[in-house]
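I opened the model today and went looking for what sits next to what. These are my notes, in the order I looked things up.

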Amino acid sequence: MRPWLPQITALVYYHFKDRAGILRHTLRFLTGRARRYSTARDGHEPTEPLDSLEQSLLLEFQDRADLRENGIAWGELRAGAIFEPELREPLTEAGGSWIREVTDLLAHARPAAAGTDLASSAERLTALREGLSARHLSGALHPEHARTLMKEALAIEIAHLDQASPPGVRQHPPPRECLNRRPQ
């Protein structure tokens, strides 16, 4: 028996009140750290929204300790949410933030696209990024191949948005309910 374990547990719950508080704080930390490494540029600051989006998506595939730790934590939290419903809402909110950022960049790159099409493209790109990241972190996928696949998917989504939108027609941004969809 570890006599110090109850003391540590009490200390953690003193600061966070409950498990949901610990999860929210962890997600804020992971999101902040991900924002830093996904915006860390190599001296080249993109001026076009599409270039900025591509760079953000591709920076996920680096061999860095902080990225690996974030990926592992996100994977554990997502896997836990399958069995623990109380994890789902905070994860949905955190993931929704990323989807909104991708949607905004797509909207700037393709302003004629319909809001729902933009949100759907953002969701597909996010799901692919998460899956490729998990495969990269597990060693099943080389980072350069993951980057190639991500670039190809982005090109496909842009082509889809270009075909779905009549030229010169400005659509409204996606309704908030499209960006905040919860899994059923």
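**Entry 1: M150.** I started at M150 and listed its contacts (a contact means heavy atoms within 4.5 Å). M150 touches L57, L58, F61, L125, L128, R129 and L132, leaving out residues up to four places away in sequence. Before going on, I noted that this is a predicted model, in which local features need pLDDT of at least 70 and side-chain atom pairs count only at pLDDT 80 or more, while totals for chains, interfaces and linings use all residues. Residues are numbered from 1 along each chain as its sequence is written, and side-chain values use heavy atoms, with hydrogens and water left out.

**Entry 2: the cores.** Next I looked up the nonpolar cores. A nonpolar core here is a set of buried Ala, Val, Leu, Ile, Met, Phe, Trp, Tyr and Cys residues joined through side-chain atoms within 4.5 Å. Buried means under 20% relative accessible area, exposed means over 50%, and partly exposed is in between (1.4 Å probe, protein chains only). Which residues of the largest core touch the most other members? They are V102, L106, L125, M150 and L154, out of 20 residues in that core. At least two core residues come from each of α3 (49-58), α5 (88-109), α6 (115-137) and α7 (143-164). The largest share, six residues, is supplied by α7. I also found a second, separate core of nine residues, with L27, L30, W74 and L91 among them.

**Entry 3: the whole chain.** I stepped back and counted eight helices and zero strands. Helices (H or I, at least four residues) and strands (E, at least two) are DSSP runs, numbered from the N terminus. How much of the protein is buried? Of its 184 residues, 36% count as buried. I also looked at contacts with a separation of 6 or more, and 70% of them join residues 24 or more positions apart.

**Entry 4: α6 with α7.** I wanted to see how the helices pack. For the angles, axes are lines fitted to C-alpha atoms, for helices over the stretch in contact, and angles run from 0 to 180 degrees between N-to-C directions. The axes of α6 and α7 are 10 Å apart, at an angle of about 170 degrees. The pair is therefore roughly antiparallel. The cut-offs I used: under 35 degrees is roughly parallel, over 145 roughly antiparallel, 65 to 115 roughly perpendicular, and the rest oblique. On the α6 side, the contact includes L125, L128, R129 and L132, and on the α7 side it includes M150, A153 and L154. The residues in this contact divide into 12 nonpolar, three polar and four charged. By class, Ala, Val, Leu, Ile, Met, Phe, Trp, Tyr, Cys and Pro count as nonpolar, Asp, Glu, Lys and Arg as charged, and the others, Gly among them, as polar.

**Entry 5: α3 with α7.** The axes of α3 and α7 come within 10 Å and cross at roughly 145 degrees. Here L50, L53, E54, L57 and L58 of α3 meet R147, M150, K151, L154 and I158 of α7. I noted seven nonpolar, no polar and three charged residues in this contact.

**Entry 6: α4 with α5.** Helix α4 (residues 65-83) packs against α5 at about 135 degrees, with the axes 9 Å apart. α4 and α5 are therefore oblique to each other. From α4 come W74, L77, R78, A81 and I82, and from α5 come R88, L91 and A94. That contact has six nonpolar, no polar and two charged residues.

Entry 7: P49 lies in α3 and counts as partly exposed, because its relative accessibility is 22%. P49 and H108 are 59 residues apart in sequence, yet 6.0 Å apart in space, C-alpha to C-alpha. H108 is in α5, and at 59% relative accessibility H108 counts as exposed. From H108 to L50, 58 residues apart along the chain, the C-alpha atoms are separated by 7.9 Å.

**Entry 8: E48.** Last, I checked E48, which is in the loop between α2 (19-39) and α3. E48 counts as partly exposed, at 46% relative accessibility. E48 and A109 are 61 residues apart in sequence and 7.4 Å apart in space, C-alpha to C-alpha.
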